[in-house]
Every structure is written in C-alpha cells, then in structure tokens.
Amino acid sequence: MPFPAPRDAAVIDIGSNSVRLVVYRLEGRAIWTVFNEKVLAGLGRDLAKTGRLSPDGVAQTLQALKRFRAVLEAVGPAEVFAVATAAARDAADGPDFIRRIHAETGFTVRVLSGEEEAHYAAVGVLAGAPDATGVVGDLGGASLELVRLSATGAGKGVTLPLGPFSLAGPNGAGFDAERVRRLARERIAAVADDFRTDTFHAVGGAWRNLALLHMRLSGYPLHVVHQYEIGAGEALDAARLVAHQSKSSLERIEGMSKKRSETLPYAAVVLETLIQELGLKRIEISAYGVREGLLFEAMPPRVRSLDPLIEGCSALGARQGVADDLGAALDAWIAPAFRELPPLFGERDGVLVSAACRLADVGVRLHPDHRADLVFEQVLRAPIAGQTHAERCFLAAAALARHATNFHPPELATLERLLSPAQLKRARALGATIRLACDLSGRSPSLLAHARLDLDKSNLILAADQGFADLLLGEQTNKRANTAAQHLGLKTKIVSG
C-alpha cells in the first residue's frame, strides 16, 4: 500500500502574547512542522488596564500577518486555518480588529470562544498522546483554558483570566508574587472541584520554557520538551525558584528572551497554584496544542484512529528509505515471536516493535561508517508524537543495533538514565533481529515471507518454507542469528528443510 502523498497545511494563531504562522506537512496521521515563525506582539498587553488591544500590538500583528500572507502565497498550502484567542475575544475593539485584518491582509479569522479554545487544546494533546488522561491546561497571554480528558476524549472546558496580561498589576506595576498568587487562588478555587486530577498536561510557551529550565537545573540529558514529565514536588520547586528571580536574572538564562522573562514568573505562580489547588501529582508537557488540535480534528476519523508513533515512524522511513513496504513486512515477521517475551513497557511493547520495524530503512542512504550513530541521533530526537522519553531511548537503541553489531551509542549515559538494563537489552535484541531479517532477505518483503522466526524457552528458531532452505545458508545469516539470540539469552536453532 503506497504511503499517502504529503500535503501542507498552515495555521495562523493570533494569541494574546504572540502571533504565529506554522506550516505543517501532513503525511497521513503524521504531523511535521516545516516552517514556524512567531512575533511576540503583546496584543493583549493592555487588556486588564484598558479593556482594549495594545496599539503597538495591533501594529506588530498586522505587520506580521502581511508578511505571513506573502509566505503563504509562495508556499501554497492545501489548507489555511486562521484563529484568534483571548485578546481578540475579550477586547472591546476585538471585532474591529478582526475586520481590519480581513481588509488589510485578506485573512478571514475565526475568533475562538473560551470553550472552543479549551477543546482544541485538548484535541491537540490527544493528537500528540492519544492515551492521555487527566486535565489539560493551556496558558496563553491573557487566559488559561482547562479541560478534562478521559478515555472517551475531551470534556467540557472553561477559560479563566489567568494569563500574565490578566494578572499584571495596575498602571504598569511590576510583578508582585503575592498579589498574583492571591488572584490565582481565587480564580482557580471556583472550578477546582471539577478539575482535580493526578496528571496535568501543560500547553503553552511559558510552561515549555519552565520545563526547559527544569531540564537544565536537574541535568536532564534529553532536551525534548514533548511528553517531558516532572513530578509535582520538583515542578513546585522550579516554579517557586522562577517566581523569586529578578527580571535581570531570568534574562541571563541561556535562550530566554526579554519578553518571555517578563511573563514567565506569572506562569510559574499559576502552575504553583494549580499544583496546590488541584492536587496534581505530575506535570506532562505537551508541545501540541490548539494549532495541532485544529489539524487533527480536520483529519478523517480513520486517520485519527491510527497510532501516531507507528505512523510517524512509517513516514520517516518512507521518506528516507527505499523499500516502502519493508517496515510492515518486518513487523509481521518479528512481532509474533516477540509477543512471547515478558512485557517491559506494559501494553506498549507491541507498538514499540511495530515502530522500530518502520525505522529499519532510515539509514540506508547514509554513509555506512557513520550510519548507526546518525540514525541513533535522529530517532532519539525526531519530532514524532506518541512516545515517552524512555520509549524514544528504546527506539534509538534499537535503531543503532539494527545497523551495528558493536554497541557504542553516542549517548550511553542518556540510555542508562532513562531505560532499565532489561529494556536496554531488549532494544539491542530487537535491533539485532531487524538486522537479521534485513540481511537474511536482502530487504525483500517477498523473500522474507518464505522464512519464519520463532522463540521457545531455549532457542531462537529460524525456518524456511519448502524449497527455500538455501535462504538460511551463509555465514552472515548465522552470525546475525547468533547475535540476536545472544541478546535474548537464547541459542540459535536453524531448521532447513
């Protein structure tokens, strides 16, 4: 079955703090960001004080949108979604501003209600982590949207005036932690009973920056923000640390912009209050939100039901490999045998085997002397949704073992921190088994179908259909089988005939 032809879709997101254009490439269920431009216009900066949009913010936003129009005319995406959120929704001059956007740029902008914004944020989280449950919190410049997630999907959401611009002091007063804390408690308390949960999915740039700061402070080795998990205690410590930092101290943090340093303390206090008021136990950062929610909801139901990790790995393999149907064939050949092994990731073991098989051909166009290391780095940090950080490490280790017998990963310490010894050993076994299958068959799915892989308590068993016994001959086949068997703690048994 040929992989779906890619198409581009763009989202223009006019928020209270930033205006952004993101162009995505959609390959079935897989969502790739190919262009991302943001302007911190501060459209809602004056909202609490005047009830109107910031004049400077309006000017910067219109300038950005005119540039975005030029970009989109050149790129020509199949779809364009243009939305505005809290600032345009709540400002007295919001409707006039939306009309002005249309007159000056041609964009027809949909102003999302608070409930719609919460809904799309939750759908975005589900696009990136389909098994997510708990509560989603999307913090923008002016508002915080909360919505509960359950096994049946997104519930009803609420919007609260808890963005930095809504919490700012009167007459341009600086950040006052106690004042912000009091307002946050008052506004969250009114809805706390409806949103108490163990797991909180944090959406928004401020909280992503807070997570990156926590990574630096804790020496966390894998700087991938999506599905980064922080225990409530550590998140509370990080939030309080940020809330007590001066603006100049925050600006000195590597990668921290001046405008972000102004809003981060507000986000930290809101998170601190949410942890206390909702009884949170862990925070999971989502790089997906409203924009991805808009794209995901527009997909056909059949596509939405697919697994994002398997589909993302399929897309990566299809674009960089050679044999389009190799991954599915490897999965069909390996998965039944690996189901006999004790699970190490709960119900996720089968998904990880399927995903690793889809990555088998990723390095085929790379120089053989560097292939294993380059594939490892790419798989470890690929912007593919639907995987925890431990699962990223597992797939990266399997990808390296698929290309190299000697296991010398560029970031062994990262693997050893995030994987148990048993999980790391299983990743090496899976990679070695994929290598066995590829070399045994010459990466031909039709030829692979004439061989079989089985595991029993003592042996890795290779067998072939009648008339195909010669497929199992050769020094390399025996060598690859022995390597896979060794990682599984088994002996090799070749049945020819």
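1. Let's begin with overall size. A compact globule of 497 residues would have a radius of gyration near 23 Å, and the protein has 25 Å, which agrees. Here the radius of gyration is taken over C-alpha atoms, and the globule rule is 2.2 Å times the number of residues to the power 0.38. Along its principal axes, the C-alpha trace spans about 85 × 45 × 40 Å.

2. A word on what you are looking at. This is a predicted model, in which local features need pLDDT of at least 70 and side-chain atom pairs count only at pLDDT 80 or more, while totals for chains, interfaces and linings use all residues. Residues are numbered from 1 along each chain as its sequence is written, and side-chain values use heavy atoms, with hydrogens and water left out.

3. Now the inventory. The protein has 23 helices and 14 strands; these are DSSP runs numbered from the N terminus, with helices being H or I of at least four residues and strands being E of at least two. Of the 497 residues, 57% count as buried (buried is under 20% relative accessible area, exposed is over 50%, and partly exposed is in between, with a 1.4 Å probe and protein chains only). The protein exposes about 21,000 Å², and carbon and sulfur atoms supply 50% of that area; accessible areas come from the Shrake-Rupley method with a 1.4 Å probe, and for residues only the protein chains shown count as cover.

4. How does the chain meet itself? Among contacts with a separation of 6 or more, 70% come from residues 24 or more positions apart. A contact means heavy atoms within 4.5 Å.

5. Please follow strand β7 with me. Five of the seven residues of β7 (residues 144-150) are buried, so this strand is largely enclosed by the rest of the structure. Strand β6 (residues 134-139) pairs with β7 in the antiparallel sense over six bridges, where pairing requires that DSSP finds at least two bridges between two strands. The hairpin from β6 to β7 passes through four residues.

6. The other neighbour of interest is strand β8 (residues 153-160), which runs antiparallel to β7 and is joined to it by six bridges. This hairpin has two residues between its strands, and S150 has G153 in β8 as its bridge partner. As a general point, side chains in a regular strand alternate between the two faces of the sheet.

7. Which residues does G157 touch, leaving aside its neighbours within four places in sequence? They are E115, A118, L146 and V147. G157 lies in strand β8 and is buried, with a relative accessible area of 8%. The C-alpha atoms of G157 and A267 are separated by 19 Å, and these residues are 110 residues apart along the chain.

8. Towards the other end of the numbering, look for an open sheet of three strands in the order β12-β13-β14, with mixed pairing. Why is one side of β12 and of β14 left without a neighbour in the sheet? Both β12 (451-455) and β14 (491-495) stand at the edges and each has a single partner strand, so one side of each has no neighbour there. From one strand to the next, the twist averages 20 degrees; axes are lines fitted to C-alpha atoms, for helices over the stretch in contact, and angles run from 0 to 180 degrees between N-to-C directions. β12 runs antiparallel to β13 (residues 459-464), and five bridges join them. L453 stands opposite L462 in β13.

9. There is also a record to compare. UniProt, in an unreviewed entry, places "domain: Exopolyphosphatase C-terminal" at residues 352-494; its positions are given in the numbering used here, feature names are shortened, and annotations may be inferred rather than shown by experiment. Over residues 352-494 the chain is 55% helix and 10% strand, with the end C-alpha atoms 27 Å apart.

10. Finally, some loop residues deserve a look. Q227 has a positive phi of about 60 degrees although it is not a glycine; this residue sits in the loop between α9 (205-218) and β10 (229-231) and is buried at 8% relative accessible area. R443 also has a positive phi of about 60 degrees without being a glycine. R443 is in the loop between α21 (421-441) and α22 (445-448), and at 25% relative accessibility R443 counts as partly exposed. D361, in the loop between α17 (349-358) and α18 (371-381), is buried with a relative accessible area of 5%.
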